[in-house]
Amino acid sequence: MKFQELNTIEERVQLMEELSRKFLLRAAKNDEEGRFPFENIAELKESGYTSLTIPKRYGGEEISLYEFIRLQEKIAEGDGSTALSIGWHMGIIKSLGEKKSWEESTFKALCEEVHNGALMNNCATEPQTGSPTRGGKPFTTAVRDGDKWVINGRKSFTTMAPVLDYFNVSATIAESGETGNFLIPRTADGVSLEETWDSIAMRGTGSHDLILKDVSVKEEALVELFKPVKKGAAGWLLHIPACYLGIAQAAQTYAIDFAEEYSPNSIKGSIIDLPNVQQKIGEMEFELMRARHFLYSVAKQWDEEEEEVQSSMGPELGAVKLAVTNAAITVVDLAMRVVGARSLSEKNPLQRYYRDVRAGLHNPPMDDMTIQLLAKNAIS
Ligand SMILES: Cc1cc2nc3c(=O)[nH]c(=O)nc-3n(C[C@H](O)[C@H](O)[C@H](O)COP(=O)(O)OP(=O)(O)OC[C@H]3O[C@@H](n4cnc5c(N)ncnc54)[C@H](O)[C@@H]3O)c2cc1C
């Protein structure tokens, strides 16, 4: 069954749930081995998922932000690493279709490849810049050579590197000092990966270093020049909180299943009936409900608004990310308290969720930047 054959969001969420159950079965082993979830990504491609955000003008489904985050959340219930990985690709294609910031012919050609399964991601972070959202200038350079560009540099945190077909690399143009994005195919000479990803969180994302050594690309590879004016808001980044919300939901589900089963001989029945356990389950439910309503309502608002209003939604989008990722950390903590010391066993999925939700703090936008933005917003 393909997503394209289904008509409603709920039917598509249901199909994703079926895929996600399979992802859950593979999650522990991939995490243990720090292995990229190749099979999950292949199944997402086969199901037609990876082309759902292509705009209608290029034969795609142009799904709404609300539908996108619902589907992403479901993937994350099975495997957070798979969700975060594919979320970048899906979100970037969605955003490019809306912003129209690339030459249309270049974007159209990319969409044709995405229909055939191609995957892409932004490669913005470098060891020298830290988080690019803080304004660091790329150390990676692009030098003109006739009608070509020659790119040299190193990008860190290249999520999904093991299967990417295109790297959208930010670089500083040597002649002018301007910065821009260059679309570099994996097959270009001088492109290689260094398997540096040793994070204890999101171990399956394959976020290795990308090495660019005298990579020569056509003139059109410069797909976007960054403007000095303030950037618009990025609704597509809501795939990040959706991912951590999905992981938190998986933690709550596991804790409830455990509490229903666990029956120490100090009590009759299982611990699910105990007030101290129900207190924590209720607190988890409260956190999840609040996070979900906030995330869904801002996504729906984005879908309903015109571009001008969307571009002023930065404070809401940042606030959602801050609220949901921190709620996810709280939910996993509560789930572990329900389960007790067994939650720390290597065999227990909660210890994976505990590590994975921490990564949300280091995905954009960072909490301190959001708080500053909210303060500015309130003052103005
Ligand atoms: C799982 C995962 C997947 C990722 N995938 C991608 C990807 O696909 N593509 C990509 O490009 N990136 C990716 N990233 C990188 C991410 O976007 C950040 O760039 C990266 O996590 C570094 O952020 P940081 O806050 O730790 O780094 P830094 O910005 O170096 O911050 C480290 C510390 O220094 C402080 N700090 C640094 N500079 C400033 C400043 N100017 N003002 C105030 N405080 C400052 C911060 O507050 C923080 O305490 C990923 C990260 C993770 C964790």
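Which residues are the closest to the ligand, and how many surround it? In this predicted model, 19 residues surround the ligand. The closest are Asn 121, Thr 125, Ser 131, Phe 157 and Thr 159.

## Ligand shell

By residue class, the shell around the ligand divides into 9 nonpolar, 8 polar and 2 charged residues.

Where does the ligand lie relative to domain 2 and domain 3? Domain 2 spans 122-225 and domain 3 spans 235-379. Both give residues to the shell, so the ligand lies between them.

## Polar contacts and cover

A polar backbone atom of Ser 131 is 2.8 Å from an oxygen atom of the ligand. Arg 134 uses its side chain: a polar atom there lies 3.1 Å from a ligand oxygen atom. A nitrogen atom of the ligand is 3.2 Å from a polar backbone atom of Phe 157.

On its own, the ligand has 960 Å² of accessible area, and the protein covers 64% of that. Two elements give two or more residues to the shell: helix 4 (80-99) and strand 1 (120-123). Strand 1 gives the most, with 3 residues.

## Phe 157

Phe 157 is among the residues closest to the ligand. Phe 157 lies in strand 3, residues 148-158. Its phi is near 55°, a positive value in a residue other than glycine. The backbone of Phe 157 also supplies the polar atom 3.2 Å from the ligand nitrogen.

## Annotated spans

Over residues 24-93 the chain is 67% helix and 0% strand. The end C-alpha atoms of this span are 26 Å apart.

UniProt places "Acyl-CoA oxidase/dehydrogenase middle" at residues 123-215. Here the secondary structure is 0% helix and 47% strand. The end C-alpha atoms of residues 123-215 lie 15 Å apart.

For "Acyl-CoA dehydrogenase C-terminal", UniProt lists residues 241-360. Residues 241-360 are 76% helix and 0% strand. Their end C-alpha atoms are 7 Å apart.

## Aromatic pairs

The structure holds 9 aromatic pairs. One of them joins Tyr 66 and Tyr 296. What is the geometry of the pair formed by Tyr 66 and Tyr 296? The pair is edge-to-face, at 5.5 Å centre to centre, with 85° between the planes.

Tyr 66 sits in helix 3 (residues 65-78), and Tyr 296 in helix 7 (residues 275-304). The pair therefore ties together parts that are 230 residues apart in sequence.

## A cis peptide bond

Which peptide bond is cis, with omega near -10°? The bond runs from Pro 364 to Pro 365. Pro 365 is found in the loop between helix 10 (349-358) and helix 11 (367-379).

Note on methods:
Residues are numbered from 1 along each chain as its sequence is written. This is a predicted model: local features need pLDDT of at least 70, side-chain atom pairs count only at pLDDT 80 or more; totals for chains, interfaces and linings use all residues. Side-chain values use heavy atoms; hydrogens and water are left out. A residue is near a molecule or strand if one of its heavy atoms lies within 4 Å of it. A polar contact is a pair of N or O atoms within 3.5 Å; within protein, one must be able to donate a hydrogen and the other to accept it, and residues adjacent in sequence count only if both atoms are side-chain atoms. Accessible areas come from the Shrake-Rupley method with a 1.4 Å probe; for residues, only the protein chains shown count as cover. Helices (H or I, at least four residues) and strands (E, at least two) are DSSP runs, numbered from the N terminus. Ala, Val, Leu, Ile, Met, Phe, Trp, Tyr, Cys and Pro count as nonpolar, Asp, Glu, Lys and Arg as charged, and the others, Gly among them, as polar. Domain bounds come from an automatic or database domain assignment. Rings of Phe, Tyr and Trp (its six-membered ring) pair if their centres lie within 6.5 Å; planes under 30 degrees apart count as stacked, over 60 as edge-to-face and the rest as tilted. UniProt positions are given in the numbering used here, feature names are shortened, and annotations may be inferred rather than shown by experiment.
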